[in-house]
Every structure is written in structure tokens, then in C-alpha cells.
Amino acid sequence: MEVAIVKYNAGNIYSVVHAMKRLGVTPTVTDDPEMLLRADKILFPGQGEAKSTMAYLRERHLDELIRQLKQPVLGICIGQQLMCRHSEEGDVDCLGIFDVDVLKFRPSRHEDKVPHMGWNTLSHTEGDLFKGFGTDEFVYFVHSYYVPLSSVTCATTDYIVPFSAALHQGNFYATQFHPEKSGSVGERILQNFLDL
Amino acid sequence: MALAKRIIPCLDIKDGQTVKGTNFVNLRHAGDPVELGKAYSMQGADELVYLDITASHEGRKTFTELVQRVAAEISIPFTVGGGINELADVDRLLHAGADKVSINSAALRRPELIDEIAKHFGSQVCVVAIDAKETSEGWFCYLNGGRIPTERNLFDWAREVCSRGAGEILFTSMNHDGVKNGYANEALARLSEELTIPVIASGGAGSMQHFRDTFLYGKSDAALAASVFHFGEIAIPELKAYLKAEGIQVRI
């Protein structure tokens with residue numbers, strides 16, 4: 001199986017490479033359109049800021065390419081946010097794969113710190129990504145912006161507000177949390193994605 | 001459910017090996033850093049901290065290689081610290097696969113480093129470690145692993161660190177470190193109330209109750225410890241079961 005990781009200007013892409021290798025798959029990190037179109041599975045991970053990453057994708061026409069992909073695609077963290085319609089971070093239009101906007105956390109209590117950083121639980125998990133899941137499994141989050149609940153939500157987490165921990169529509173999947181940093185639970189999610 | 005309180009084993013690294021000082025001296029060996037980190041991860045540690053206490057250039061290279069091995073083999077977040085003086089050090093360690101970097105003396109000497117890290121890599125990668133000691137005059141920050149006192153007040157410095165864009169504060173009380181009599185919960189609670197970023201408690205863990213107390217009374221978001229884990233005095237699965245029974249949200 002060929003797994004490609006979208007190469008762009010987001011940070012921490014290599015932790016996904018390591019996670020894939022631990023599952024016995026050696027992915028290719030590339031921004032080459034042909035390689036991306038040909039791969040069996042695509043990962044679109046990373047940490048970063050919406051405006052600068054979106055500008056980078058547009059400059060290299062990767063925005064068009066990602067929208068056209070037909071194979072299973074998994075966006076992670078900023079990847080998920082970029083797959084939405086618009087982000088409040090930098091007030092930027094994104095890829096528009098998921099018809100929902102990305103908002104900034106606005107805490108009302110002092111103890112609700114932003115970024116939402118650490119281990120939190122998933123609930124209302126649905127679909128293939130979460131096959132074999134029990135209730136209240138923990139995954140690792142680091143983010144200051146979130147995707148509200150919508151018709152494409154396939155897992156929720158409650159922090160300040162209930163939000164979309166994962167999204168799914170057609171061949172596009174995305175998680176706000178980092179499965180590559182979520183221990184054995186994260187490995188199961190990545191394996192489920194590889195098994196699609 | 002809410003965000004889980006984190007349990008963080010800290011591994012001090014010298015020449016590629018784990019060591020732990022008692023009151024910052026008397027180093028004892030405690031295993032291979034990658035194997036130990038993996039074992040902690042399997043037991044339910046929520047994050048790991050690897051602290052490079054080597055001074056030499058050769059040691060730095062060994063440490064960077066270790067960071068690469070940790071990133072390849074361990075599937076939970078980890079922070080690295082020790083000897084980070086400039087943006088290039090941060091870049092090197094993040095590139096090697098670390099999730100966060102912890103800066104200490106370099107931030108006290110040149111606070112702009114915090115702004116620079118936050119701007120270039122994001123606040124979430126920037127942990128500022130503060131070593132402080134309580135005297136009759138109040139709490140004061142120390143440089144170089146607790147060897148050099150400064151005039152900086154702990155709470156003033158913590159507020160500045162926060163406003164410059166740090167993502168977390170790792171506070172070690174030198175009065176409590178190595179004594180195994182509990183964390184500095186009064187100072188921790190004050191930090192947690194005054195700051196808008198997570199606070200990691202460090203220094204003083206000797207029993208499972210100490211962890212409960214720092215979450216309940218110190219209002220800490222995470223608790224870091226070394227020797228109680230390395231020498232098997234506290235096992236993480238038991239610690240987490242205990243904390244859960246005490247009504248504290250932990251990841252099990």
C-alpha cells in the first residue's frame with residue numbers, strides 16, 4: 001500500500017511518518033501532484049497557522065489537488081481545520097471540503113485554558129475510523145481553534161463547548177486531535193484508516 | 001468529562017543515559033532513556049520530559065540522536081530541555097521530533113527568546129521551566145539548574161513568561177525538590193490562579209497522596225516526577241487508579 005503525506009509548511013509532519021512506520025507502513029512525504037494522486041491513502045497532518053499554510057497550499061496549487069482526491073484522505077489538527085470552509089484564525093477561506101467554519105475558543109471561566117492541550121475523551125464516535133471503540137477513550141489535543149458540531153461530525157469532545165473531534169464526508173476524514181501522539185488508541189485510529 | 005490531569009515522568013539525560021539527582025546533586029543511573037520512556041508510555045504516562053544535563057558539544061549531538069530515537073519509538077508527546085539557548089537549538093530539537101521544548105536559564109537571561117519561539121513555532125511548543133526557592137523575602141528564580149540566584153520574583157517572572165507567549169510553565173520548587181514531602185502547592189495554586197496557561201508541578205513527589213494534593217490544592221494541570229518512578233517507588237497504573245478513585249480525572 002502506498003501512503004503519501006502532503007508536504008507543506010506546517011510543523012510536526014514527521015511524527016506522523018514515525019507513527020506510520022510503527023504500523024509497518026513507510027509513507028512518502030511529497031508535494032508532487034502525480035504521487036499524491038496515485039497513492040492509496042493520503043495523510044494531511046501538521047501543526048501550524050491557518051492563513052500562512054493556506055497561502056502556501058494556494059501558491060503551489062495544492063488546494064485544488066487536495067479537493068480532487070478520490071482516495072481516503074485523513075486531515076489531522078491544522079489539516080482538519082484547513083479542510084473546512086473558513087477559519088477565524090487569520091480570517092481565511094480554506095479548502096471547503098467540509099461545509100463548516102473554524103472558530104476560536106472563547107473561554108468564560110479562568111480554568112478553561114487555551115490552547116486546549118492534553119488528553120480528553122471522545123464521545124458519539126461513528127463510522128469506520130472508530131471501529132471497535134468503547135466509551136470515553138482518551139486522545140491527545142493541542143489547539144486554540146475548533147470546528148463546531150455539524151452534520152459531518154463523527155466524534156465529539158467537550159472543552160469550553162462541545163466540538164467536532166473528528167469529521168467525515170465521503171472519502172475525506174479528519175481529526176482535531178493527534179492520533180500519532182495518542183498512544184495505543186491513536187494507533188487503532190490510524191490502523192482503521194489504513195484498513196479503509 | 002474534562003481535560004485529564006497529566007502524569008509526567010522526567011528523565012535526566014547525561015551522555016545518553018538516564019540519571020536523577022537528589023537536590024540537584026548525587027546522580028544515580030536509572031536505565032536506557034528510550035526503553036524507560038517506552039515502559040512509562042505503556043504504563044500510562046501522559047507525556048515524557050527528557051532533560052539534557054550534558055554540557056559538552058559532543059553530548060548535545062548524542063542528545064539530538066536520542067531525541068530522534070524517542071520520536072521514532074514512542075507514541076505519546078514529549079518535551080526536551082537543557083542547553084537550549086537560541087532559536088537554532090529549538091529548531092534542531094523540534095526537527096529531531098520533539099513535540100515541545102523547555103527553556104529555563106536562557107529565558108531568564110534573554111526573555112525575548114520566548115517571544116521568538118512562540119512566533120516561529122507556536123506557543124504550544126514553548127514550555128518555560130522555572131526553578132525557584134522561597135526565602136524570608138519571598139520566592140526567587142534561580143539560574144543554571146538552581147546554582148545561581150537571581151533577583152527575579154517567581155510570580156512576576158511567571159506573568160511575564162505567560163504574556164510573552166509561553167504555552168506552559170514547569171515550576172520546580174527548590175525547597176521541595178528531592179525532599180519527597182509533597183509539591184509546593186501554595187505557590188502552585190497562586191501561579192495557576194494568576195496565569196492563563198497550564199502549570200506543571202515539579203519537585204517533591206514522594207507518595208501518591210502528593211499527586212492528589214497538587215491536583216486538588218495546588219490546582220496543577222500536570223505533575224512531574226522522576227525518582228519515585230525510576231526506582232519503582234510509585235507505579236503509574238496504581239497511581240492513576242488511586243487518583244481516579246479520589247475523584248481526579250485521569251487517562252486510564
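## Close-up views of a two-chain predicted model

View 1. Strands (E, at least two residues) and helices (H or I, at least four) are DSSP runs, numbered from the N terminus.

This is a predicted model, in which local features need pLDDT of at least 70 and side-chain atom pairs count only at pLDDT 80 or more, while totals for chains, interfaces and linings use all residues. Residues are numbered from 1 along each chain as its sequence is written, with chains lettered from A and ligands numbered from 1 in the order in which they are written.

**View 2. The surroundings of V128(B).** Leaving aside residues up to four places away in sequence, V128(B) touches I103(B), A107(B), I114(B), V161(B), A166(B) and I169(B). Two residues are in contact if their C-beta atoms, placed from the backbone, lie within 7 Å.

**View 3. Where chain B meets chain A.** Chain B brings 22 residues to the contact and chain A brings 24 residues. The chain B side comprises eleven nonpolar, seven polar and four charged residues. In this tally Ala, Val, Leu, Ile, Met, Phe, Trp, Tyr, Cys and Pro count as nonpolar, Asp, Glu, Lys and Arg as charged, and the others, Gly among them, as polar.

**View 4. Strand β8 of chain A and its partner.** Seven of the seven residues of β8(A) (residues 116-122) are buried, so this strand is largely enclosed by the rest of the structure. Seven bridges join β8(A) to the antiparallel strand β9(A) (residues 137-143); M117(A), for instance, has V142(A) as its bridge partner in β9(A). Two strands pair if DSSP finds at least two bridges between them.

**View 5. An open, mixed sheet in chain A.** Its four strands follow the order β6-β5-β7-β10. At the edges stand β6 (92-93) and β10 (145-146), each with a single partner strand, so one side of each is left without a neighbour in the sheet. Strand β5(A) (residues 86-87) runs antiparallel to β6(A), joined by two bridges, and H86(A) stands opposite D93(A) in β6(A).

How values were computed:
Buried ≥ 20, exposed ≤ 12 C-beta atoms within 10 Å, placed from the backbone.
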